[in-house]
Amino acid sequence: MAAEKDPAKLSKQQVGYAAADRVKSGMIVGLGTGSTAAYMIEALGDRIKAGTLKDIKGVTTSFQGEVLAKQYGVPLTTLDEIDRIDVAIDGADEVDPQLNLIKGGGAAHTREKIVDYLAEQFIVVVDGSKIVDKLGSTFRVPVEVLPMAITPVMRAIAKLGGEPELRMGVRKAGPVITDQGNMVIDVKFNTIDNPGELEKTLNNIPGVLENGLFIGVTDLVLVGEIKDGQPIIREITK
């Protein structure tokens, strides 16, 4: 593995590797989505090749994870074939002091939530920029919506005090389409005083499949930071 020179990438790389080191032989692992999780999948593949990690199986949360797992030689399974997930490792867009999260920057939050909530241990890997005092400080709440329901859902969200915006593709004409064939609305809330309540309220709007608020599920956060020019890993637990 070639070390990254860019400090932000270096901290993501180191924290991804640190999370992969927590995986033991024989485990079933939830493989998250995003740039930091990608380093974790790469590191798992390297450990498998080196023979220090055996008999693991991965459950992916996106097409991206599936492609990376195949690229790095991480064997895959499905939720139909297993009865447990030992550990899930995933990134986040925001982490608050209670270890609640906003996820969904990569529009994979629905699958991520299914896998991460099933895991006996859920480890979040982030760089220091993702730590916030309050959810919604820097990132909008992603909401996955059935295409036919976009307009009524946006109206319902506006009534809740949110500012909804349809996520559009980058280097692609039209909206972002999720792995499930749905669309994503990014919602700005001026303040999120009760994230657990908001998570339920959003999911109760007809046409909403899932939202990016992950409440009360995180067991451990590994934060990659650069101190005196050197990468360090900080651990935050409940």
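Contact here means heavy atoms within 4.5 Å. With that in hand, let us walk through the structure. It is a predicted model, in which local features need pLDDT of at least 70 and side-chain atom pairs count only at pLDDT 80 or more, while totals for chains, interfaces and linings use all residues. Residues are numbered from 1 along each chain as its sequence is written, and side-chain values use heavy atoms, with hydrogens and water left out.

Helices (H or I, at least four residues) and strands (E, at least two) are DSSP runs, numbered from the N terminus. Thr110 has a relative accessible area of 8%, so it is buried; buried means under 20% relative accessible area, exposed over 50%, and partly exposed in between, with a 1.4 Å probe and protein chains only. Leaving aside neighbours within four places in sequence, Thr110 is in contact with Glu144, Gln180, Leu209 and Glu210.

Now turn to the helix pair α1 (residues 7-20) and α2 (residues 35-50), whose axes come within 7 Å and cross at roughly 50 degrees. The axes are lines fitted to C-alpha atoms, for helices over the stretch in contact, and angles run from 0 to 180 degrees between N-to-C directions. With that angle, α1 and α2 are therefore oblique to each other: under 35 degrees counts as roughly parallel, over 145 as roughly antiparallel, 65 to 115 as roughly perpendicular, and the rest as oblique. The crossing of α1 and α2 is right-handed, a label used if the near helix is turned clockwise from the far one by less than a right angle, with anticlockwise giving left-handed. On the α1 side the contact is made by Lys9, Lys12, Gln13, Val15, Gly16, Tyr17, Ala19 and Ala20, and on the α2 side by Ser35, Thr36, Tyr39, Met40, Glu42, Ala43, Leu44 and Arg47. Sorted by class, this contact has 8 nonpolar, 4 polar and 4 charged residues. In that sorting, Ala, Val, Leu, Ile, Met, Phe, Trp, Tyr, Cys and Pro count as nonpolar, Asp, Glu, Lys and Arg as charged, and the others, Gly among them, as polar.

Helix α2 also meets α3. The axes of α2 and α3 come within 9 Å and cross at roughly 25 degrees, which makes α2 roughly parallel to α3. This crossing too has a hand: that of α2 and α3 is right-handed. Here Ala38, Ile41, Glu42, Gly45 and Lys49 in α2 meet Gly65, Leu68, Ala69 and Tyr72 in α3, giving a contact with 5 nonpolar, 2 polar and 2 charged residues. Gly65 deserves a look of its own. It lies in α3, which spans residues 63-72, and its relative accessible area of 0% is why it counts as buried. Gly65 touches Ile41 and Thr60, not counting residues up to four places away in sequence. Although Gly65 and Ile41 are 24 residues apart along the chain, their C-alpha atoms are separated by 7.9 Å.

The spacing has a simple background: an α-helix has 3.6 residues a turn, so residues three or four places apart point the same way. After α5 comes Gly161, with a positive phi near 95 degrees.

Positive phi also turns up in residues other than glycine. Leu99, in the loop between β4 (94-95) and β5 (101-102), has a phi near 65 degrees, and at 2% relative accessibility Leu99 counts as buried. Ala107 sits in the loop between β5 and α4; its phi is positive, about 65 degrees, and at 9% relative accessibility Ala107 is buried.

We finish in strand β6 (residues 119-127), where Asp127 lies. At 11% relative accessibility, Asp127 counts as buried. Leaving aside neighbours within four places in sequence, Asp127 is in contact with Ser11, Lys12, Val223 and Gly224.
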